[in-house]
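Visitor: Hi! I'm new to this one, could you walk me through it?
Guide: Happy to, let's bring it up first.

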Amino acid sequence: MAEKLRFAFWWAASCGGCDVAVLDIHEKILDVAKLADIYLWPVAMDFKYRDLEALPDGFLDVAFFNGAVRNSEQEHMARLLRRKAKTLVAFGSCACFGGIPSLANLFDREEILDWVYRGTYSTENPAGILPQPSFAAPEGELTLPRFFSGAFRLEDFVPVDYFLPGCPPTPEWILRAVEAIASGQLPPRGAVLALDKTVCDTCPRQKSDKKVKEFRRHHEIIPDPERCLLEQGLICMGPATRGGCGALCPGANMPCRGCYGPTREVVDQGAKMLSAVASILDSDDEEEIRLALGRIEDPVGTFWRFGMAASLLGGRAFDAGSAAPAGSRSPVGATATATSAAAGVETASASGSSPVAGGGKR
Ligand code: SF4
Ligand code: SF4
């Protein structure tokens, strides 16, 4: 029997959903177990950092990294796994684009710490003590990871070989990725393991002339199950979102939330969706337009829900001196940053012969 592959799974600033998604492949996990030994998977088994550190560089075949990078421990693990693994996969939209954790980039670090440790109604902290990166205890120095100024993508720290988007990635694409790894038929490095079409391109709903007078929230109507949801006034992110999920949400009469991130041509998913919204509004009247747009609840959280860290906005612009301005946010305390482009990741588009072909370079 051929030598088994060596896999690692790691979670950083993550909800755990991506780890659960690995189990969503159900009994196929037994095929994965036949194919590969798992050397690291903290959600499922105990391990020690020193065991990982002791492995020779390049020992692991693939490391799947989920979650955004929000603190110095997560940065350390990103760098360590990059060294230990031949192939590093950004697994899930948090690792690919910052995901939902990067919506916290709308707040600065001090605001977040203040709210979490002093402000919430369930917090009992009369002395107002905040976590310290270092504390001198009688037993010796205790340390905590440094909390960065924002949530970042994996590729903000280390070169990433493949991007497997989704919140979480679907079982179909997880399996396709594993099969491609096993057969050595991966597309060129830097590819996104998903379709290079929009969700709209794969959505079976009837599309006619997209013109709407007003936007509505999902609970306010019972949508027609056949017609395009955007044409019914629901903000559906399909026009700005990469396909690959099988249009699952529109299939369940729910608008697409945008979790697969933008397609290759789109620089900023939220901006693309804003442009789509502007083009379907059926009015030339300024006041009518203002009222219609005013009905969109939480526009930033709607249009940039999964990709604030990857967006042109980057986060909220803070007052001078309080934090980095939008677009130039940098990891406080990070040793260095390296985008995949800067680190020389190949830029060729996906190969048509691969079982995961179609994604293309980001
Ligand atoms: S991509 Fe979604 S499922 Fe995965 S860790 Fe982030 S929030 Fe959770
Ligand atoms: S906007 Fe939404 S509902 Fe309409 S075609 Fe696109 S994905 Fe389907």
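Guide: One term before we start: a residue counts as buried if 20 or more other C-beta atoms lie within 10 Å of its own, and as exposed if 12 or fewer do. Also keep in mind that this is a predicted model.

Visitor: Thanks! Which residues of α10 are buried, then?
Guide: They are Gln269, Gly270, Lys272, Met273 and Val277.

Visitor: Why are they on the same side of α10?
Guide: Because they cover an arc of only 160° around the axis, these residues share one side of α10. In general, an α-helix has 3.6 residues a turn, so residues three or four places apart point the same way.

Visitor: And which residues are exposed on the other side of α10?
Guide: Ala278 and Ser279 are exposed there.

Visitor: What do the buried residues of α10 pack against?
Guide: Their packing partner is α12, residues 299–303.

Visitor: Let me zoom out. How many helices and strands are there in the protein chain?
Guide: The protein chain has twelve helices and nine strands. It has 362 residues, and 43% of them count as buried. Among its contacts with a separation of 6 or more, 74% are between residues 24 or more positions apart.

Visitor: Pick a strand for me. Is β8 mostly covered or uncovered?
Guide: Strand β8, residues 147–152, is mostly covered, with five of its six residues buried.

Visitor: In which sense do β4 and β8 pair?
Guide: The two pair in the antiparallel sense, over two bridges. For β4, that concerns residues 69–71. Val69 has Phe152 of β8 as its bridge partner.

Visitor: Now the ligands. Which residues come nearest to ligand 1?
Guide: Of the 13 residues around ligand 1, the nearest are Cys15, Gly17, Gly92, Cys94 and Cys167. Helices α1 (17–23) and α5 (93–97) each supply at least two residues of that shell.

Visitor: How many of the residues around ligand 1 are nonpolar, polar or charged?
Guide: Six are nonpolar and seven polar, with no charged residues in the shell around ligand 1.

Visitor: What about ligand 2, which residues come nearest there?
Guide: Cys200, Cys203, Cys228, Cys236 and Gly238 do, out of 14 residues around ligand 2. The shell around ligand 2 divides into eleven nonpolar residues, one polar and two charged.

Definitions and conventions. Residues numbered from 1 in each chain as written. Chains lettered and ligands numbered in written order. Predicted model: local features only at pLDDT ≥ 70, side-chain atom pairs only at ≥ 80, totals over all residues. Near = placed C-beta within 6 Å. Nonpolar A, V, L, I, M, F, W, Y, C, P; charged D, E, K, R; others polar. Helix = DSSP H or I, 4+ residues; strand = E, 2+ residues; numbered from the N terminus. Contact = placed C-beta atoms within 7 Å. Arc of directions from axis to C-beta. Pairing = 2+ DSSP bridges.
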